[in-house]
Amino acid sequence: MQATDLRDPEYFHKVVDCQHACPAHTPVPEYIRLIADRKYADAYMINWKSNVFPGVLGRTCDRPCEPACRRGRVEDEPVAICRLKRVAADNKGDITGRMPRPAKTKNGRRIAMVGAGPASLTVARDLAPLGYDITVFDRDSRGGGMIRSQIPKFRLPEEVIDEEVGFIEGLGITTKYGISIDSLKSLMADGYDAVFVGTGAPRGRSLELPGRAEGAANIHIGIDWLSSVSFGHIEKIGRRVIVLGGGNTAMDCCRTARRLGGADVKVIVRSGFEEMKASPWEKDDAMREDIPIMNFLVPKSFVVEGGKLTGMTFEKVQAEYDAKGRRNLVPTGELDTYVECDDVLVAVGQENSFPWIEKDIGLEFDRWGMPVVNETTFQSTQPKVFFGGDAAFGPKNIIWAVAHGHQAAISIHKFCQGEDIAERPAPGVTLTSQKMGIHEWSYDNDISNDQRFAVPHRDKAEALADIKAEVELGYDEKLAFAEAQRCLNCDVQTVFAEPLCIECDACVDICPVDCISFTGNDDEAVLRTHLEAPAHNLTQDLYVSLPLKTGRIMAKDEDVCLHCGLCAERCPTGAWDMQRFIYDLTQAGGASCSR
Amino acid sequence: MTFLLKPKLHHPNLPTNALGLTRRDYEGSVSTLCAGCGHDSISAAIVHACFEMSLQPHRIAKMSGIGCSSKTPTYFLGASHGFNSVHGRMPSVLTGANLANKDLIYLGVSGDGDSASIGLGQFAHSIRRGVNMVYIVENNGVYGLTKGQFSATADRGAKSKRGVMNSDEAIDMVSMAMQLGATFVARSFSGDKAQLVPLIQAAISHQGAAFIDCISPCVAFNNHEGSTKSFDYVRAHNDAVNSLDVITGRDEIIVDYAPGTLEMVKQHDGSVLALRKLAADYDVHDRIAAQAWLSGRHAKGEIATGLLYVDLDPVDLHASLRTVDTPLNELDETVLCPGAAMLDRINASLR
């Protein structure tokens, strides 16, 4: 196997699993250390730079970082990364002085943003300080997009949205809220240098079943209903409510219904409970509020009696897998199930909708009605028009919208400067030794043995009584510190220097997780089998040295390395060193704001 | 020196042995020796050996004297018995313990100072009495705790870290052990666990005085050019006579060596030593020839390692003393004081 090339910034980036898994590549261990240090404002700014909405995401993120977390591979649960982010946001204090100022001079370029959701606001955040003249349009009366309209306030208080949307609105941008853009052609005719479309996936799918039209008054589209609740247009719902769908929107719908008079709320899904799209913790939250989730029931009809919806019938199915492992839902042949209800909330998916984009402006759509968008540059086939967030590649989640926004901002900036947008800026990378003394490191390398700490919740009766009462109370400082200590500091890398190694085996002997081996070289597949512990996790790289004096190589399986630094502490010659790896995703115009 | 405890978290696929224990269960407290010390590797090899043999930790007694090496029993087998004796007196204490309870496995861990200087007499007599034990000398050729003066095993002509030449002749403990009647003699190197671990296992299963001289470089004071106990020197001059696999009763015997190069040696406890010859004309059962061989290699500046001598019919101290089968510490008062009638009978038999 070839020796590992540490000059490739992606090698160590992959080792920081959380940061690598985060679409915006937030330097997670870096901010977690700052939280442990009670430097909340610093932790917040690191987040703000990368993911723009730390307070929002600290409550609502889909957290792709957590399944990736190395801690989850050496014990039961990953670090509660998402809720630690919220701790930074909750305790940051006044940080207005750290925010970038509106540009003193404008650069004369005008950019229009359609939709004021997370993707658009990210583009605006990145471009406004560079002097762009930015106008953001949204059909709603306030900015935030789905963050404001679809996420219930008991999960995300209004003040958090106001603050973080406000940071961006305060960068000297023009907001035109309450305005629906109905023609891209005429918007472009206004002479904008570029247009960013961040309109999300605004249309909730309906369910055309018998009785749909007759019962229409009590059948609601989930995201529209949530939006109406959010803006105060709806304040109550029937006593018995069926929520159709197994995603996070369905979870929001059922929990909202519980707070608006729904005493008997059920979630009913076609698939099995395990295959539901909703995040496991959102399912837990729903069930904790006495909402049963009934599975393997396919909706068959809405039952309407005397002009009023009285219930729904469902066909019972079971999962069968064909030879290729594909799942089919096959009727069990049992009698249909009838479930009584007063209202139905349909949360079976959402779609993009671009009726306002003319077909003759050089902007191509694919056969599914989605714009043809470059996955790297986010440019459409109409060079002046860029897409991001759900509008680009269909429904994902907030952190993806932010990641898209950063990349689109780079493209728009390069486009306006007349540069080649296909050429992407390299990340900023540094590797710094953390050695302070003989066995002293500038990070806390003593591994905590604690299990994941649960976030305290508000008393259930109290929470259900007030739709605006936030259910999760967040970690207090003590819990936050203890949880932060569970972080393994995977960004502090084990760096090996071949010429210094005397092959004394001290690192092999001390390594608590058997990840270091000195062995004869071989092909990777073979090498993986004859290490101190076999390296079965193929998603994790082997760190392989050049040949040593005895002709052997050092091979380290990155998979379960605790980054405890004991190899470096035990190394008599300093061949191992613990070095902090910073991977800084470059943003538009270099760095839009400093840490 | 580190004071951080080794984290409890371990590899998710860490294997367990017949007792359901993992290798980590055989570790001790965290070492306070210098980083990179050869002794830590020997500790790790002992941990490996005991884990793989599925030994019950509470049936092992670790005995040591004074010195860097004698500190190490703290760093392995944390759940075993231990006794840290006066300087050079480990062999006597071990002999006493062995007499009292012959059912335990005795692991005597000592160093070149503890065994070749202050404890030379104790070493000699425990070997010649044939105490059933594993006697490991962690041999680095210097007094590490007092900043690296030459010890009695340092080779004549070796240079100290400051460049001073050693003018005294070295004590070769392997030759001494053979001459004194050890029934199992081996030499190994802390930097070669593939060799050391099976040797420790073979020594544990040997039912007599088993001696292992393990060269263990002192990274702080004896790992420089001019040293004959450095990693580089030992690697360059290591001349292994054989390599060894230990097959305990439970394992199936699989032999995949070329015919004629492999010798299966069955020990009294049922374990089999699969010895692969590296030096074709070396006979591991011939003590006289082995001693000659060792002298020859030594004269050429080579360090002979491997299993150097094994007697398949060892006689241990208890056999010589014809003690009862029950360990002495388990004999109760009625057995030990059989009464006046018995005393009379014994006295009568002596008249």
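User: Which residue is the bridge partner of B:R187 in β13(B), and how should I read such a pairing?

Analyst: In general, two strands pair if DSSP finds at least two bridges between them, while helices (H or I, at least four residues) and strands (E, at least two) are DSSP runs numbered from the N terminus. In this predicted model, the bridge partner of B:R187 in β13(B) is B:G306, and that bridge belongs to an antiparallel pairing of strand β7 (residues 184-189) of chain B with β13(B) over four bridges. With strand β9 (residues 238-240) of chain B, β13(B) runs parallel, joined by three bridges, and here B:A240 has B:T305 as its bridge partner.

User: Is strand β13 of chain B buried or exposed?

Analyst: A residue is buried if 20 or more other C-beta atoms lie within 10 Å of its own, exposed if 12 or fewer, and partly exposed in between, with C-beta atoms placed from the backbone. Eight of the eight residues of strand β13 (residues 303-310) of chain B are buried, so the strand is largely enclosed by the rest of the structure.

User: What is the strand order of the open sheet of eight strands in chain B?

Analyst: The order is β2-β1-β3-β4-β8-β7-β13-β9 (chain B), and the pairing is mixed. At the edges stand β2 (81-84) and β9 of chain B, each with a single partner strand, so one side of each is left without a neighbour in the sheet. For angles, axes are lines fitted to C-alpha atoms, for helices over the stretch in contact, and the values run from 0 to 180 degrees between N-to-C directions; in this sheet neighbouring strands are turned by 20° against each other on average, direction ignored. Within the sheet, strand β4 (residues 133-139) and strand β8 (residues 209-215) of chain B pair in the parallel sense over seven bridges, B:M133 having B:A209 as its bridge partner in β8(B).

User: In the open sheet of five strands in chain A, what is the order?

Analyst: That sheet has the order β3-β2-β1-β4-β16 (chain A), with parallel pairing. Its edges are β3 (174-177) and β16 (385-387) of chain A, each with a single partner strand, so one side of each is left without a neighbour in the sheet. The twist averages 20° from one strand to the next. Strand β4 (residues 194-197) of chain A pairs with β16(A) in the parallel sense over three bridges, and the bridge partner of A:F196 in β16(A) is A:F386. Taking residues as in contact if their C-beta atoms, placed from the backbone, lie within 7 Å, helix α17 (residues 398-416) of chain A packs on the sheet and touches β1 (110-114), β4 and β16 of chain A, its direction making about 170° with that of β4(A).

User: How many residues of helix α8 of chain A are buried?

Analyst: Ten of the ten residues of helix α8 (residues 81-90) of chain A are buried, so the helix is largely enclosed by the rest of the structure. Among them are the charged-class residues A:R83, A:K85, A:R86 and A:D90, where Asp, Glu, Lys and Arg count as charged, Ala, Val, Leu, Ile, Met, Phe, Trp, Tyr, Cys and Pro as nonpolar, and the others, Gly among them, as polar. The buried residues of α8(A) pack against several helices of chain A, including α4 (40-51) and α19 (477-484).

User: How many residues of chain A are in contact with chain B?

Analyst: In this model 29 residues of chain A are in contact with 22 residues of chain B. The elements giving two or more residues to the side of chain A that touches chain B are α7 (71-74), α20 (506-510) and α22 (566-570) of chain A, and the residues of that side divide into 16 nonpolar, four polar and nine charged.

Key. Residues numbered from 1 in each chain as written. Chains lettered and ligands numbered in written order. Predicted model: local features only at pLDDT ≥ 70, side-chain atom pairs only at ≥ 80, totals over all residues. Contact = placed C-beta atoms within 7 Å.
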